[in-house]
Amino acid sequence: MTAFARINTRQDAEQGATWHVEFDSEPLFHEEKPIEMDFLGLESDVGRRAAAAMVRKMDKKSKGKRKAASLSVQEMIDTAEDSEQARAEFYSKLCTGWRGVTYIEDKDLDDPEAEPVPMEFSQANAAKLFSTRSWLLVGIDDFLGDKSNFLREIVGS
């Protein structure tokens with residue numbers, strides 16, 4: 001059997017992958033442990049459904065100027081680039097867990113005494129985090145866009 005016959009990107013996307021959160025290409029840590037987030041890939045069933053729902057929602061806002069049915073998953077993502085909120089919601093659906101994530105409420109950001117508190121994972125908390133810390137979206141874009149993060153090593157190719 002040839003090596004390419006063993007590649008199943010949809011199955012790999014379903015298994016997900018872990019992103020070591022970075023800012024400005026520097027890995028982030030909390031209490032000397034990496035801050036990590038787990039994501040399903042764009043080609044997973046959740047990713048495809050979430051992308052379609054996001055574009056349908058944006059189509060509705062644009063009063064039908066865009067037709068979601070004619071777009072690929074990647075085109076759906078690209079179409080949504082102008083909407084950070086849509087991306088935050090989309091990525092919250094792909095996020096399946098995290099470790100080391102802490103949070104300070106926006107109103108407390110300017111308070112030098114404010115301490116970050118651990119943020120339990122939930123899709124609602126992921127949507128809140130991604131929509132209030134838009135710099136995360138850039139890293140998530142890069143991570144999810146690199147399919148090699150989701151490919152399993154092919155043994156016996």
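Where is the place of Asp146 relative to helix 6? Asp146 lies in the segment after helix 6, where helices (H or I, at least four residues) and strands (E, at least two) are DSSP runs numbered from the N terminus. This is a predicted model, in which local features need pLDDT of at least 70, side-chain atom pairs count only at pLDDT 80 or more, and totals for chains, interfaces and linings use all residues. Residues are numbered from 1 along each chain as its sequence is written, and side-chain values use heavy atoms, with hydrogens and water left out.

**Negative surface patch**

- Asp146 belongs to a patch of negative charge on the surface, together with Glu22, Asp24, Glu26 and Asp142.
- Such patches are made of residues with over 30% relative accessible area and no salt bridge, like charges being joined within 9 Å and nonpolar side chains (Val, Leu, Ile, Met, Phe, Trp, Tyr) within 5 Å.
- Asp and Glu count as negative and Lys and Arg as positive, while His and the chain ends are not counted; the place of a charge is taken as CG of Asp, CD of Glu, NZ of Lys or CZ of Arg.
- Asp146 has a relative accessible area of 35% and is therefore partly exposed, given that buried means under 20%, exposed over 50%, and partly exposed in between (1.4 Å probe, protein chains only).
- Accessible areas come from the Shrake-Rupley method with a 1.4 Å probe.

- Asp24, another member of the negative patch, is found in the loop between strand 2 and strand 3 (26-27).
- The phi of Asp24 is positive, near 55°, and the residue is exposed at 66% relative accessible area.
- Ser25 is also placed in the loop between strand 2 and strand 3; its phi is about 65°, positive although Ser25 is not a glycine.
- With a relative accessibility of 60%, Ser25 counts as exposed.
- Most residues other than glycine have a negative phi.

**Aromatic pairs**

- Seven aromatic pairs are present in the structure; rings of Phe, Tyr and Trp (its six-membered ring) pair if their centres lie within 6.5 Å, planes under 30 degrees apart counting as stacked, over 60 as edge-to-face and the rest as tilted.
- Phe23 and Trp135 form an edge-to-face pair, because their ring planes stand at 85°, with centres 5.1 Å apart.
- Since Phe23 is in strand 2 (residues 22-23) and Trp135 in helix 6 (residues 135-145), the pair ties together parts 112 residues apart in sequence.
- Phe23 is partly exposed at 42% relative accessibility, and Trp135 is partly exposed at 35%.
- Trp19, Phe39, Phe130, Phe143 and Phe150 are linked by ring pairs into a cluster.

**Salt bridges**

- The count comes to seven salt bridges, each a side-chain nitrogen of Lys or Arg within 4 Å of a carboxyl oxygen of Asp or Glu.
- One of them joins Asp38 and Arg99 at 2.8 Å, N to O, linking strand 6 (residues 36-39) with strand 7 (residues 95-99) across 61 residues.
- Asp38 is buried at 15% relative accessible area, whereas Arg99 is partly exposed at 34%.
- Lys147 bridges to Glu43 with the closest N and O atoms 3.1 Å apart; Lys147 is in the segment after helix 6 and Glu43 in the loop between strand 6 and helix 2 (45-61), 104 residues apart.
- Glu43 is buried, at 18% relative accessible area.
- Asp106 and Arg133 form a salt bridge whose closest N and O atoms are 2.6 Å apart.
- Asp106 is partly exposed at 42% relative accessibility, whereas Arg133 is buried at 12%.
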